[in-house]
There are 2 protein chains.
Amino acid sequence: MAAVTSMACRSAVALSSVSRPSSALRAAAPRASRTGRRSVNVQSAVELDYDVKVFDKELVTFAEKEEYIIRGGRDKFSKLPAAFAGIKSVGVIGWGSQAPAQAQNMKDSFAEAGMDTKVIIGLRPDSPSCDEARAVGFTEADGTLGEVFDVISKVDMVVLLISDAAQAKLYPRILAAMKPGSTLGLSHGFLLGVLQNDGVDFRKDINVVLVAPKGMGPSVRRLYEQGKEVNGAGINASYAVHQDATGTAADIAVGWAVAVGAPFAFATTLESEYKSDIYGERAVLLGAVHGIVESLYRRYTRQGMSDIYGERCVILGGVHGVVESLFRRFTRQGMSDEEAFKQSVESITGPITRIISRDGMLGVYAQFNDADKKIFEQAYSASFGPAMDICYEIYEDVACGNEIKSVVNAVERFGRWPMGKIDQTHMWQVGQKVRAERKEEDIPINPFTAGVYIATMMATVQTLQEKGHPYSEICNESIIEAVDSLNPYMHARGVAFMVDNCSYTARLGSRKWAPRFDYVLDQQAYVAVDAGKQTDAEVIQAFKSHPVHSALAACAAMRPSVDISVGGDNDNTGVGAGAARTDFRSVAATVA
Amino acid sequence: MAAVTSMACRSAVALSSVSRPSSALRAAAPRASRTGRRSVNVQSAVELDYDVKVFDKELVTFAEKEEYIIRGGRDKFSKLPAAFAGIKSVGVIGWGSQAPAQAQNMKDSFAEAGMDTKVIIGLRPDSPSCDEARAVGFTEADGTLGEVFDVISKVDMVVLLISDAAQAKLYPRILAAMKPGSTLGLSHGFLLGVLQNDGVDFRKDINVVLVAPKGMGPSVRRLYEQGKEVNGAGINASYAVHQDATGTAADIAVGWAVAVGAPFAFATTLESEYKSDIYGERAVLLGAVHGIVESLYRRYTRQGMSDIYGERCVILGGVHGVVESLFRRFTRQGMSDEEAFKQSVESITGPITRIISRDGMLGVYAQFNDADKKIFEQAYSASFGPAMDICYEIYEDVACGNEIKSVVNAVERFGRWPMGKIDQTHMWQVGQKVRAERKEEDIPINPFTAGVYIATMMATVQTLQEKGHPYSEICNESIIEAVDSLNPYMHARGVAFMVDNCSYTARLGSRKWAPRFDYVLDQQAYVAVDAGKQTDAEVIQAFKSHPVHSALAACAAMRPSVDISVGGDNDNTGVGAGAARTDFRSVAATVA
């Protein structure tokens, strides 16, 4: 953690005012406390601590590491007036994935808390998004919809939710327009990466805070609405204080997290957040899972004749026996297109995802019989190293600023080459057919597929861990977002529905890294398996005994109790304005 | 060109002492001149001109652009003593691809010219390369083999041929060790990119020059040896003067190019060279061609049963008719593995490569019948845009320093994850079988394959042209290196023999970008063709009328008249110490 948080910790974050018990005391057995402190096996000092006064902090142990978390929920709305003291207006800038959700949630929460703090949407007057904003009650007439820079110059808090690339382009004007003593709220540390690349800094007379909900905008709204009836529903968020000009920045940040509906808020820094976030979506969350299923689908169909052919042969009666043997002789492990899709994509996005969500990665392993455990181990053992290689490359490309620079450059090229569709290939056409005929309970749990996928998930985890990220962040950016937020989207409507419902940064990153995982698995992992390479017992032991399993279990206790639901190919549940999109644009960076 | 050359032109390059005729004069009809000036259709001023005194410059028109070139050859060896005036010793540092070739060529040339300038190899005393150097006559005993920094501190010219990553790591020590007034010779502008990333500059009291042979080290040696008997044999080189501390740097650079055997030397800058070189190997030279053949092979085999199966069916006699129709019904355009390999890889590396080398890209188009022309056009039209998208991304990632930073980071990771093999997959195993049974004259010229490949080649060209590179560089980095140097390696022994006989920078870049071309062609180009998208007549017209064809023809007149020859799978011609390698290492950056 030292490397990624040192800046924020040293220069911008006041030390906590919560007195911490001595480590000797905390090393005793678990005990309850006033704040519901639940864990005490301290192995290292808490490295991230912000000066939160209005809300209570709790110490939680994720594996061997201790972190402060803050509990949200509707019963904490009564603290919002104190957290937002002095903030009479919040300007939500943009109308992409997060803005419609966060703006509506905050507006509802402020009303619930009896506050008169206004939520105002800032958009270009000619933006097509204005109509969508008006449709959910933000209007020029009551002063809750206005021009971007006009809104920025008037509000006490700017929640900047325009695209990463637009932030990169417009930040000098945005920062200049803000009132002294006001608060800049970010939902992504991307802008800090841009500033680092540019060798500049935020102006010193404003607060700079972050709240990053660990789910896509549509889920943030959907679960907030469910939270009105179901206790604990809502999307968790990480939060950070990068600059505290007013001495109240930490409570503003936590208040914002609570107001958008986070049941729990985890501490991070802008730098730790952008590194883990941009990395995670390039690894197992989007890029890797796409590359994995492409490579597996190809592997499973290779040299294969379709099942249809096999069936027709049966119909042919007389020639059956001969053709049947030829079929076996020449197909090797060939599968039909439909079967291969089930054994790769469906297996991951259906049962494997559900089991990880409920019982963790070890749960997937545990439910296999001995023969399938061997196949899982072989696939895992062969895939983990190659996946680590690519994960490290991604992480270091993110950490040194390359990925951010590439994204900014790429968006500038959209005018000439808009992002193309990724799901028009034969495989994804097959997928549409498979989904149409899907029987959820018949989807296989392929042990080879599970081994490759979970090895890549563990590589994503292991890299973040070696780079010093806190476990709350590791679990969210490597596992929870995958199984509770993103994979269900691919399960519903295929790969593009998952990838292209994310930010440009994510969509570009997924396009960039999916093929890398595909090739490395094909060239290194599958070749090793086919050559009969022995399972590496050390690699399997490291998997089984990895501390992330207990950290994930700790996180699980804090996850929403309501599933994200989104309709399938012919069902528009969770789809539409301000929710998930089925029509994907790639336009030049502008204020949406 | 302005952007990429401005620094060198403004700050480091003295204006030419060759008086140039007025443009009015030069706009007249072609005429001969004392210097053999051959072209006069001036459309723009010559943008790159160095202060060469010992050698004669010639003005050549490449398409609409005029460039100075310098003619080398063994009959110019008599000028070497003047060019190397004051240089009593040249230290060649490293023993990778270029060093054995350049060191031996220079040594032979100096002897031929009756000079006593010594060529001294600098290596780590414990380097396994020392034995290879001794084997070709560089020894401690006669003072022509020594420790790296010892050699650097004593010689009048340092030819720095250690790996890019090692240069990035060691340059502060190397620069510090050099004698004032000595010359730093580079064969790649990579180091300038590193310095730019680091925000530093070369020390001002040394010359900094570049000679970049347009072929791999083994070819540089092989064709030099052939040049002793065959007039014009040798590998062309680009040259540049980045700093001229002594006023003689341009002649040192050209002398070096002539001494290593370049029949012609083209002017460039360090920046233009590293951008086009790092870009080119990621595009059509290595990365793209690998991605293209992977995607085509998959396309051609998709849903395919093997021909073997078809043949067996024939053998089955009775069931022939039934199975034959099923075969047609279910295979769509399916081909056997062997056939698909021939129609993709073999087609490109064999006849398409040979025709481009002899008759240019239009030559490939011209030899098709009308039906095949249509297929070519459809494939070209669908592939050009997607290929441009990736070419631009590569170029801009190189130009902004990202690729150089990534390479330096990647090499640091080799200790943990050495580069894996890329040719153990099923497709390349098939290739080995196909090569073993190859009849050169039976290799098909697949019009679809040709369309995809040439579209990507043209995208590589077009991007360099839009970014302002001179045509000599464009033709070399997009076309000539491909057809005269690299593709023949893939033809001989497959993809790894081509890719992994290049530098770490190239090998890493090819691994990174091949899958990107693969995916973009699969997702955008082939999908468009299968959806029946019409050929874009404008795209085809732009191809047919592109100025690069005449520029390539001008370059062709300057290409060596001897083919590069390298043995196939069971033939070690051109393979071995100091030549091509069949055993590929990836180790941490050190002085080899």
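Strand S1 of chain B and strand S2 of chain B, residues 65-71, pair in the antiparallel sense over 6 bridges. Two strands count as paired if DSSP finds at least two bridges between them; strands are DSSP runs of E of at least two residues, helices are runs of H or I of at least four, and both are numbered from the N terminus. B:Thr61 has B:Glu66 in S2(B) as its bridge partner.

A word on the source. This is a predicted model, where local features need pLDDT of at least 70, side-chain atom pairs count only at pLDDT 80 or more, and totals for chains, interfaces and linings use all residues. Residues are numbered from 1 along each chain as its sequence is written, chains are lettered from A and ligands numbered from 1 in the order in which they are written, and side-chain values use heavy atoms, without hydrogens and water.

Back to the sheet. It is open, has 10 strands with mixed pairing, and runs S1-S2-S10-S9-S8-S7-S6-S3-S4-S5 in chain B. Which strands stand at the edges? They are S1 (57-62) and S5 (145-147) of chain B; each has a single partner strand, so one side of each lacks a neighbour in the sheet.

Now chain A. The axes of helix H19 (residues 447-466) and helix H22 (residues 504-530) come within 13 Å and cross at roughly 125°. Axes are lines fitted to C-alpha atoms, for helices over the stretch in contact, and angles run from 0 to 180 degrees between N-to-C directions. H19(A) and H22(A) are therefore oblique to each other, as angles under 35 degrees count as roughly parallel, over 145 as roughly antiparallel, 65 to 115 as roughly perpendicular and the rest as oblique.
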